[in-house]
Amino acid sequence: MERFCFTFEIFEGMEDEYKRRHDEIWPELVELIQESGLKNYTLFRRGTQIIAYVECHPDKDAAFAHIAGSEVNARWSKWFEEVIVSLVDEDGNLYEAAEVWHLD
C-alpha cells in the first residue's frame, strides 16, 4: 500500500458546486475507484485549494492507471472542467505532495 496526497485549485465561487457534485458522486465512479485499489480516499478543502489523500493498493501508479483509461473517469473529468483550475502539471502529473512524516 502506498499513501498518496495531491493538491489542486478550484475556481473561486465554485466551492459549493464542488461539494455538491461530490455529494452526488456517480455510483459507477465509486465502483471504478474501489476496483482500482484506491481506499480511504478523502478530499479536504481550504478556500479554493483541494487536498486529496488516498491509500493506493498495490501502489499509486497501478491504481491511477486503472482509472485513467476509463470512460467514466473521462466523463467525470469533463464535467469538472468548469470547476477545477488545473488538476495536473504540463507533463500530465498530479500536483503531488511529498510525505514528510507518518504515524500509525
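# Close-up views of a predicted model

View 1. Phenylalanine 4 has valine 54 as its bridge partner in β3. The model is a predicted one, in which local features need pLDDT of at least 70 and side-chain atom pairs count only at pLDDT 80 or more, whereas totals for chains, interfaces and linings use all residues. Residues are numbered from 1 along each chain as its sequence is written, and side-chain values use heavy atoms, with hydrogens and water left out. Helices (H or I, at least four residues) and strands (E, at least two) are DSSP runs numbered from the N terminus, and two strands pair if DSSP finds at least two bridges between them. Eight bridges join strand β1 (residues 2–10) to strand β3 (residues 49–56) in the antiparallel sense. Strand β1 also runs antiparallel to β5, with three bridges between them; here cysteine 5 has alanine 97 of β5 as its bridge partner. Two further bridges pair β1 with β4, again in the antiparallel sense, and serine 86 in β4 stands opposite glutamate 9.

View 2. The whole structure holds zero disulfides, a disulfide being a pair of cysteine sulfur atoms within 2.5 Å. Cysteine 5 cannot be counted in one because its sulfur lies 11 Å from the closest cysteine sulfur, that of cysteine 56, too far for a bond. Cysteine 5 is partly exposed, at 21% relative accessible area, whereas cysteine 56 is buried, at 0%. Buried here means under 20% relative accessible area, exposed over 50%, and partly exposed in between (1.4 Å probe, protein chains only).

**View 3. A salt-bridge network that includes arginine 21.** A salt bridge is a side-chain nitrogen of Lys or Arg within 4 Å of a carboxyl oxygen of Asp or Glu, and a search of the whole structure finds 11 of them. Glu17, Arg20, Arg21, Glu24 and Glu82 are linked in a network of such bridges. Glutamate 24 is partly exposed at 45% relative accessible area, and arginine 20 is partly exposed at 32%. Arginine 21 meets glutamate 82 in a salt bridge at 2.5 Å, N to O. This pair links distant parts of the chain, 61 residues apart: arginine 21 belongs to helix α1 (residues 15–23), and glutamate 82 to the loop between α4 (71–79) and β4 (84–86). Arginine 21 is buried, with a relative accessible area of 2%.

**View 4. The salt bridge between lysine 60 and glutamate 96.** The closest N and O atoms of lysine 60 and glutamate 96 are 3.7 Å apart. Lysine 60 lies in helix α3 (residues 60–68) and glutamate 96 in strand β5 (residues 95–97), so that the pair links distant parts of the chain, 36 residues apart. Lysine 60 counts as buried at 19% relative accessibility, whereas glutamate 96 is partly exposed at 48%.

**View 5. The crossing of helices α2 and α4.** The axes of helix α2 (residues 27–36) and α4 come within 10 Å and cross at roughly 120°. Helix α2 is therefore oblique to α4. Axes are lines fitted to C-alpha atoms, for helices over the stretch in contact, and angles run from 0 to 180 degrees between N-to-C directions. Angles under 35 degrees count as roughly parallel, over 145 as roughly antiparallel, 65 to 115 as roughly perpendicular and the rest as oblique. The crossing of α2 and α4 is left-handed, meaning that the near helix is turned anticlockwise from the far one by less than a right angle, with clockwise being right-handed.
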